[in-house]
Amino acid sequence: MDDFIAGMPKCELHLHIEGTLEPELKMALAERNGVEMPYRTVAEARDAYTFDSLSSFLVGYYESMRVLRTEPDFHDLAHAYLTRAAEQNVRYAEIFFDPQAHTSRGVPFDIVIRGLRRAVMDAERLLGVRAQLIMCFLRDFSAEYAMATLMESLPYREWIVGVGLDSDERGNPPVKFAEVFARARREGYMITAHCDVDQPGTHEHIRQCLEVIGVDRIDHGTNALEDEALTAEIARRGLGFTVCPISNGFVAGDLKAGAVRRMLDLGLRVTVNSDDPAYFGGYVTENVRAVQRELDLTRDEVARLQRNAFEIAWLPRPVKDAYL
Ligand code: ES4
Ligand code: ZN
């Protein structure tokens, strides 16, 4: 079974590129850019990747990004991920990036997007991995800053398939960004949003995603199962969920495999993804294996997870069909 999972063609839909920064690359970039780090060796840097809650994770996560400064840095980050993805037989990836985690520290938007875009173009040609970029707004910043970021993205509209919403959900509901998403929709972007596990108010957040924002997908979103009306509406619209088991294990102490089981049984379009693999210690293969083991999934069920992912991917129908 492990070989079957490793070998099958895969699709990754919930992956923060900043969350793929492995300690080795982090130390190399720190050296290249003369950024002072509080540790001297890769082993020490790896030891620093420990946390006991979402907020302690996010603090270390944004702190680590100080090493990312130049266009080649962003290229090298995405190139390292895409190389790894190719090794895991990922054929298609939708990659989140957080421009505000960089513009807020003085790194220009165009440096970020140009570096990432170059890696995406090279990957298709050299690695046989297709990828598209999704720009996330940091929900703990203001709606005005999100709108300014959206405006800044417009010259690069053709390089970005959609927009998302991430970072700390507490006190930052989707409606805070209603105008931003409405404008994003008018510009032709697809829309998704994190509705994280174990977040207070997340049912209301999922409801807002459906009724106010009109999302095309829900990231995490397993709490929807606790509300029959929400689940029914998501099923009616055929929306997908991007579940991240190993990440959930860290932030909620639970892989949420039970939710994956119920979603499969209900015929919901559930997918399995890796979120921040450098921090949580598992890329997509390890995430699928974790769920397969926990639920004792059959090969058909594992294949269903991948088919779901290709089906809900933001690709034109003929391109998707070639994967299915
Ligand atoms: C994230 Cl695990 C998690 N939660 C919220 N926002 C994030 N951004 C990157 N990883
Ligand atoms: Zn995420």
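The model is predicted, so local features need pLDDT of at least 70 and side-chain atom pairs count only at pLDDT 80 or more, while totals for chains, interfaces and linings use all residues. Residues are numbered from 1 along each chain as its sequence is written, and chains are lettered from A and ligands numbered from 1 in the order in which they are written.

Strands of a sheet pair through backbone hydrogen bonds, either parallel or antiparallel. Here, eight strands form an open sheet in the order β1-β2-β3-β4-β5-β6-β7-β8, with parallel pairing. Strands (E, at least two residues) and helices (H or I, at least four) are DSSP runs numbered from the N terminus, and two strands count as paired if DSSP finds at least two bridges between them. The edges are taken by β1 (10-16) and β8 (269-272); each has a single partner strand, so one side of each is left without a neighbour in the sheet. From one strand to the next, the twist averages 25°, where axes are lines fitted to C-alpha atoms (for helices, over the stretch in contact) and angles run from 0 to 180 degrees between N-to-C directions.

Within this sheet, β2 (residues 90-97) and β3 (residues 130-138) run parallel and are joined by six bridges. Here E94 stands opposite Q132 of β3.

Further along, four bridges link β5 (residues 190-195) with β6 (residues 217-220) in the parallel sense. A193 has I218 of β6 as its bridge partner. The chain goes from β6 to β7 through helix α11 (residues 228-237), in a β-α-β crossover that is right-handed.

Turning to the helices, α8 (residues 143-153) and α9 (residues 178-186) pack at an angle of about 15°, with their axes 9 Å apart. That makes α8 roughly parallel to α9 (angles under 35 degrees count as roughly parallel).

Finally, ligand 1 is surrounded by H16, G19, L54, D166, S167, H194, D196, S247, V251, D275 and D276, where a residue is near a molecule if its C-beta atom, placed from the backbone, lies within 6 Å of it.

Technical notes:
A crossover is right-handed if, with the strands pointing away from the viewer, the path from the first strand over the helix to the second runs clockwise. Angles under 35 degrees count as roughly parallel, over 145 as roughly antiparallel, 65 to 115 as roughly perpendicular and the rest as oblique.
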